[in-house]
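Please examine the sequence and structure shown below.

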Amino acid sequence: FHVVHDLLKANKWILSEKPICINSKYGNKLLQTCKISSSNVMTGYMKQHDLGVLEFKKLITSMKFDEIISINAYCFMGNSYASPFGDFKGLQLEEIDYREQSFPKWLPKDLTRSFEQFINCFSHITHLIDFIFNNSLDLYSSLLTKTGEGQIICKICDIPVSFEFSRGNQYEWMEGIRVVTRNNVYTLSLP
């Protein structure tokens with residue numbers, strides 16, 4: 001956060017890895033600084049820059065949202081290259097130290113690893129739904145383990161959305177979205 005904030009104040013353009021910060025206080029501060037700066041911030045590995053995603057978004061936004069029955073999205077992280085906690089190819093290197101910024105005050109201490117994994121890995125797909133539908137998700141319920149895996153039920157544009165998250169042991173990252181309409185099923189697979 002501090003590095004990105006200083007760079008924004010110096011009007012530098014920034015490409016940052018995610019998560020750019022770990023609580024909304026810092027996120028809002030970055031957003032406000034970005035608005036008055038002559039620079040911009042982009043976050044790496046966000047699929048909204050993928051050409052296939054842009055085509056999928058065109059397809060989905062060309063239809064009437066009241067024709068969509070449901071949305072299912074998943075992120076199965078796998079052990080493909082790294083984990084959010086400093087692992088590299090299965091070897092633990094070091095735990096990320098967050099003394100520079102605090103976790104949200106509402107977050108119980110025993111859920112910090114879960115929260116960290118969620119915002120570093122599983123937020124790809126929640127962000128992508130926001131991006132495709134150009135709206136914000138409304139949370140209804142969640143059932144997540146202390147490792148951030150599980151299920152979340154939301155709505156967007158009055159459409160029910162189910163998210164599934166798993167770390168898994170497959171050496172492959174798998175993400176995708178399935179949109180069910182009255183007449184078709186549209187899928188987006190993100191290898």
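## Exposure and salt bridges

Does K155 count as buried, partly exposed or exposed? At 28% relative accessibility, K155 is partly exposed, where buried means under 20% relative accessible area, exposed over 50% and partly exposed in between, with a 1.4 Å probe and protein chains only. The side chain of K155 meets that of D158 in a salt bridge, at 3.8 Å from N to O; the term requires a side-chain nitrogen of Lys or Arg within 4 Å of a carboxyl oxygen of Asp or Glu. D158 is exposed, with a relative accessible area of 65%.

The count by this rule is 2 salt bridges. K58 and E55 also form a salt bridge, with an N to O distance of 3.2 Å. These two residues stand 3 apart in helix 3 (residues 51–61), so about one helical turn separates them. K58 is exposed at 52%, while E55 is partly exposed at 48%.

## Basis of the model

This is a predicted model: local features need pLDDT of at least 70, side-chain atom pairs count only at pLDDT 80 or more, and totals for chains, interfaces and linings use all residues. Residues are numbered from 1 along each chain as its sequence is written, and side-chain values use heavy atoms, leaving out hydrogens and water.

Conventions:
Helix = DSSP H or I, 4+ residues; strand = E, 2+ residues; numbered from the N terminus.
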